[in-house]
Amino acid sequence: MAEERTPITVRGCTFSTDLSGSGPDLVWGHGLTSSIAAEDEFPLLDHERIRRVCRELRYDARGHGASTSTPVPADLSWERLAHDQLALAMALGIDRYVAAGASMGAATALHAAVLASDRVRGLLLAIPPTAWATRAAQVDRYREIGDLVEQGEHELLLAGAAALPPPDPFVDDPIWASRFADLLATADPVRLARVFRGAATADLPPESAIATIDVPTLILAWTGDAGHPVTTAARLQELMPHAELALATTRGGVDDWTGRVVSWLRSLG
């Protein structure tokens, strides 16, 4: 999609934003190292279809895409990113909204719901990341990646990425394997290292806080991905009283997600 981006400055950061569509508001956050442009090249959801039933705000998160970077890792924690999202939405006149996103964006949405329960009317959580007890190993990996990115150790990074199997829906997709190589070839290593170090400071809200979230929630998960395990998605479903889970084991299952999301958004009224 060739949408016009609008820069908005809040909380000391200038964000690249894209607000369009009509209907109830939805705010979408992308995943780690991604951006609006990157998602458009490798979309999990068809945002054009989503914008037929809601007004959607997409934005490049702090340190990502065309938005301002930051040298402080804690500024890229998921809780801080949720503060960014809430401030950005308010600056654009969005009061209550469906908080949505993939991976890091899903984590941001959960933190937003805990921080401002009066403003989040629903949650759309795609591939929630590993959390709580299973988070430590991922934190160590992100710290190591941050160091290697800054040192320019591309061969080591690519070898490590190649050793990780893709999620089940993408086992036969050659594009999946090439995405990290493309990122390393085009990204500013300083910005990219900051992003990984920021992710190493992050976790989902405590389970006790998530259990207080009382809004309609749709969770989209896939199998075969240690960084986004089904166990996290299933635990979120258990914790939240109005959560439903859609599990994809094939590419066809992922392709069906947009229709499921559109139907779910319409059910919210």
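This is a predicted model: local features need pLDDT of at least 70, side-chain atom pairs count only at pLDDT 80 or more; totals for chains, interfaces and linings use all residues.
Local features need pLDDT of at least 70, side-chain atom pairs count only at pLDDT 80 or more, and totals for chains, interfaces and linings use all residues. Residues are numbered from 1 along each chain as its sequence is written, and side-chain values use heavy atoms, with hydrogens and water left out.

**Salt bridges**

Side chains of opposite charge can pair when their charged atoms come close. A salt bridge here is a side-chain nitrogen of Lys or Arg within 4 Å of a carboxyl oxygen of Asp or Glu. The whole structure holds 19 of them. The table gives examples.

| Pair | N to O distance |
|---|---|
| Arg-5 and Asp-40 | 3.8 Å |
| Asp-84 and Arg-11 | 2.7 Å |
| Arg-235 and Glu-207 | 2.9 Å |

Where do these partners sit? Helices (H or I, at least four residues) and strands (E, at least two) are DSSP runs, numbered from the N terminus.

Take Arg-5 and Asp-40, which form a salt bridge. Arg-5 is in the segment before strand S1 (6-10), while Asp-40 is in helix H1 (residues 36-41), 35 residues apart. Salt bridges with shared partners also join Arg-5, Asp-18, Glu-39, Asp-40, Arg-51, Glu-56 and Arg-58 into one network.

Next come Asp-84 and Arg-11, also joined by a salt bridge. Asp-84 lies in helix H3 (residues 78-91) and Arg-11 in the loop between S1 and strand S2 (13-21), so the pair ties together parts 73 residues apart in sequence. Is Asp-84 buried or exposed? Buried means under 20% relative accessible area, exposed over 50%, and partly exposed in between (1.4 Å probe, protein chains only). Asp-84 is buried, at 1%. Arg-11 is partly exposed, at 41%.

The Arg-235 and Glu-207 salt bridge links helix H10 (residues 230-239) to helix H9 (residues 207-210), with the partners 28 residues apart. Arg-235 is partly exposed at 29%, and Glu-207 is partly exposed at 28%.

**Strand S7**

Strand S7 (residues 217-222) has 6 of its 6 residues buried, so it is largely enclosed by the rest of the structure. In a regular strand the side chains alternate between the two faces of the sheet. Thr-217, Ile-219 and Ala-221 point one way from S7, and Leu-218, Leu-220 and Trp-222 point the other way.

Two strands pair if DSSP finds at least two bridges between them. Strand S6 (residues 120-126) runs parallel to S7, joined by 4 bridges. There, Leu-124 stands opposite Leu-218. Strand S8 (residues 243-248) also pairs with S7 in the parallel sense, over 6 bridges. Leu-220 has Ala-246 in S8 as its bridge partner.
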